[in-house]
Amino acid sequence: MNTNTTNPAAIASNKNSFPSRDINERIRQRDHLIIENALAQGCDYWQMSKAMPKDTFKAWLESQGKTLTEAKKFIRLFETFRDFAIEKIERISLTTLFALTQKRYQQLVSRLWGLPATNENQVAELMAEARKQQQQDSTPTRDVRGLVNLPSGGRAFQFPLLHDDETIARLLQVLQD
């Protein structure tokens with residue numbers, strides 16, 4: 001049997017190649033480095049943005065082959081997670097960490113601060129709960145008289161569903177007069 005293969009599936013299936021804990025440790029180390037590099041990049045962009053005027057920073061980014069939008073994404077990542085120990089967030093994908101930088105997840109991020117190291121599935125569940133809670137908070141409340149409170153703070157009248165043609169015709173006649 002050829003043990004010098006580079007096929008990951010073959011390596012994983014070969015019982016003699018690596019114990020599973022070694023593979024898990026290598027994955028953990030890789031995730032750790034990815035997040036550490038993203039935070040370092042965000043820190044660099046943050047420092048450069050503070051040291052330069054916006055136009056100069058934008059020109060510098062373009063010379064580096066980056067866009068302002070991409071830099072802001074890494075800056076938000078740095079600003080959100082700079083106080084976290086990498087060991088707490090290393091099992092969360094970088095995509096999810098970028099999503100957690102949104103304003104709607106600020107409370108969730110502060111909750112994560114108090115939790116021990118979490119993984120991707122736990123964070124996904126917490127994010128789903130946060131979205132569900134926000135949807136419940138933003139649904140307009142119905143008043144008995146047909147007035148609805150809007151998320152913007154205003155009010156609007158909402159007609160109930162009408163199924164009777166005669167009632168619809170009378171309502172239209174009243175509205176036209």
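**View 1. Q102 in a loop of the predicted model.** Q102 counts as partly exposed because its relative accessibility is 35% (buried is under 20% relative accessible area, exposed over 50%, partly exposed in between, with a 1.4 Å probe and protein chains only). The loop that holds Q102 runs between α6 (94-100) and α7 (106-114); helices are DSSP runs of H or I with at least four residues, numbered from the N terminus. R76 is 26 residues from Q102 along the chain, and their C-alpha atoms are 8.6 Å apart. This is a predicted model, in which local features need pLDDT of at least 70 and side-chain atom pairs count only at pLDDT 80 or more, while totals for chains, interfaces and linings use all residues. Residues are numbered from 1 along each chain as its sequence is written, and side-chain values use heavy atoms, without hydrogens and water.

**View 2. Helix α4 (residues 68-81)****.** The 14 residues of α4 reach 20 Å from the first C-alpha to the last, close to the 20 Å expected at 1.5 Å a residue (1.5 Å times one less than the number of residues). Its buried residues are L68, A71, F74, I75, L77, F78 and F81. An α-helix has 3.6 residues a turn, so residues three or four places apart point the same way.

Methods:
Helix = DSSP H or I, 4+ residues; strand = E, 2+ residues; numbered from the N terminus.
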